[in-house]
Amino acid sequence: MKQLIHGGRLLTAGRLDGTPADLLIDGDTIAAVLRPGESVAADTKRIDATNRLLIPGMVNAHTHATVALCKGLVDRWSLELLLNGYPWSAGGRTVETKYLSAKIGAIEMVRKGCTACYDLVAEIPTPSVEGVKAVAQAYSDVGMRAVVAPMMADTTFYRAIPGLIESMPPGLREKAEAVRAAPYDVSLATCRTLIENWSFEHDRLRPALGPTIPHHCSDAFIVGCRDLAKAHGIGVHMHVAESKVQAVVGPRKFGTTLVGHLRKLGLIAPNFTAAHAIWIDDDDVARLADAGASVAHNPGSNMKLGSGLAAARKMRDRGITIGIGTDGCQSSDNQNVFEAMRMAAFVSRVQGPDPRQWLSAEEAFEAATKGGARALGMENLIGQLAPGFKADVVFLDLTSINYVPLNEPLYHVVFVEDGTGVDRVMVGGRMLVDEGKVLGVDMIKLAAEANGATKHLAKVNAAAREFVRAFEPVVLDYCVGLAREPYHVRQWCGH
Ligand SMILES: [Zn+2]
């Protein structure tokens, strides 16, 4: 079926002025960008885009579907408190709750103009084929594109940080030592089964691998991920140097930085996406750039967890592809890529006095569209509105208050748009959102279902909550101590 989106204005890479243009869509793909009013075949379905700005679907380069039920759950958590709290905040999920959680995340993303994401699916203690499939199914049912990577570790949080267990008082120490991570070969076997039996359409949903954090994974595990990804031509996504604690641990554990360690293990390649990449030095930037890797920049999460400000300008200038991510709901808490994009532009501006070094609106927009598409390995499919690309189109309402009055369309999208201007969202030629509502979703029913699930999870996870709370003071003291140690990179504002 052919469709014509007519009467709108177009804003995409190479056409950032928002001038009028029509889009001809054939099936799920953009067939042509036409001059306004250009004639098309009589049987073409016409979609009126008067007073609408058409942009490519935003791409969320980093999130976690299984914690979408955690929005608005916690306040002053550092990354280390978040990791300590995981068995409580993210535990106890059944296949049904994983599906529900992913569906909620996907609905929020689509509603706010995001049509594709890279999702690191957290299951404790080890990924399951049913769990990851449930997440993929949720994306499929909502209609979004996603790269779905089981997030995995074979070292517990307590063991991953040298000296942490030793700093614990007796009683607690034994409890920490008794926590076990899943052996890596079990997790890898699950991934292999998942990949070999993947039944979702490749252009829509892809599997990838998510070894979670360098020092939470043994060398053998990382090498196993590298080889499995290579054998199947899929991506690898890992949190890298997200917190200063992690950066300090790197040389202590590996005799080199975290990126240096991953490089030695051969993990860094064009299919590799590093999430956060805050506490990395110039050599690390060069290692990532020279290998053709991408970085998922999550400025909102980085500020909520007090992780620091990533040097996006430096990474971009050295040739690293930058995508923009929200991160999961424990650290975001919303799934609004417009907001993450605006924050990316803003945090670049508190890192130095020279405006020429700040991320421009164009660079931030590119990162949230083309850059994210590259991080997902979908750069030939999405991220642009041009012939041959999928028809993933966001219609922004130029009569919504975000565009009144209208000055530079690009600046409105980057500096004003907060998701409330999203009128319609199309993925692969199919309309998922109309008049700001996700089609086919009963929000009252969904809210009841979600509140029922969180109530139930609170009961199921009550013991886990007490367990992790007992560790909080010691994790806090030890990790803040580590974070105060000198390191040759500084990424905190004013420090
Ligand atoms: Zn993350």
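This note goes through the domains, cores, cavities and some local backbone features of a predicted model.

1. Basis. Local features of this predicted model need pLDDT of at least 70 and side-chain atom pairs count only at pLDDT 80 or more, while totals for chains, interfaces and linings use all residues. Residues are numbered from 1 along each chain as its sequence is written, and side-chain values use heavy atoms, with hydrogens and water left out.

2. Domains. The protein chain is assigned domain 1 (2-56 + 385-436) and domain 2 (58-375); such bounds come from an automatic or database domain assignment. Their C-alpha centres are 31 Å apart. At the interface, 28 residues of domain 1 are in contact with 25 residues of domain 2, where contact means heavy atoms within 4.5 Å.

3. Main core. The largest nonpolar core holds 149 residues. A nonpolar core here is a set of buried Ala, Val, Leu, Ile, Met, Phe, Trp, Tyr and Cys residues joined through side-chain atoms within 4.5 Å. Buried means under 20% relative accessible area, exposed over 50%, and partly exposed in between (1.4 Å probe, protein chains only). I55, Y139, V148, F272 and L288 have the most contacts inside this core. Helix α17 (residues 462-483) provides the largest share, eight residues; helices (H or I, at least four residues) and strands (E, at least two) are DSSP runs, numbered from the N terminus. Because domain 1 (2-56 + 385-436) and domain 2 (58-375) both give residues to this core, it lies between them.

4. L288 and the second core. Which residues does L288 contact, leaving aside its neighbours within four places in sequence? They are V259, I268, F272, A274, I280, A293, V295 and I320. A second, separate core has 14 residues, including I47, L385, A391 and V393.

5. Cavities. The model has four cavities of 30 Å³ or more. A cavity is a set of points, on a 1 Å grid over the protein atoms alone, where a 1.4 Å probe fits but cannot get out; lining residues have an atom within 4 Å of a point. Grid points are joined across faces, edges and corners, and a volume is the space filled by probe spheres set on the points.

6. Largest cavity. Its volume is about 150 Å³. Of the 17 lining residues, H64, L79, L82, H239 and D327 are the closest to the centre. Helix α1 (residues 79-89) gives the most to this lining, with four residues. By class, the lining has eight nonpolar, seven polar and two charged residues. In this scheme Ala, Val, Leu, Ile, Met, Phe, Trp, Tyr, Cys and Pro count as nonpolar, Asp, Glu, Lys and Arg as charged, and the others, Gly among them, as polar.

7. Second largest cavity. The volume is about 50 Å³. Its lining consists of G300, S301, G325, T326, S332, N334, N336, E339, A340 and M343. The classes are two nonpolar, seven polar and one charged.

8. Cis peptide bonds. S332, a lining residue of the second largest cavity, is joined to D333 by a cis peptide bond with omega near -20°. D333 lies in the loop between β15 (321-324) and α13. The bond from V404 to P405 is also cis, with omega near 0°, and P405 is in the loop between β16 (393-397) and α15 (409-416).

9. Positive phi. A241 is not a glycine, yet has a positive phi of about 50°. A241 lies in the loop between β12 (236-240) and α8 (244-254) and is buried, at 1% relative accessible area. A277, likewise a residue other than glycine, has a positive phi near 45°. A277 lies in the loop between β13 (272-276) and α10 (282-290); it is buried, with a relative accessible area of 1%.

10. K2 lies in strand β1 (residues 2-6) and is partly exposed at 39% relative accessibility. Apart from neighbours within four places in sequence, K2 contacts I25, D26, T44 and K45. K2 and K45 are 43 residues apart along the chain, with their C-alpha atoms separated by 6.2 Å. D227, in helix α7 (residues 219-232), is partly exposed at 37% relative accessibility. D227 and G266 are 39 residues apart in sequence and 9.5 Å apart in space, C-alpha to C-alpha.

Notes. On a 1 Å grid over the protein atoms alone, a cavity is a set of points where a 1.4 Å probe fits but cannot get out, and a pocket is an open set with protein on both sides within 12 Å along at least five of seven lines; lining residues have an atom within 4 Å of a point.
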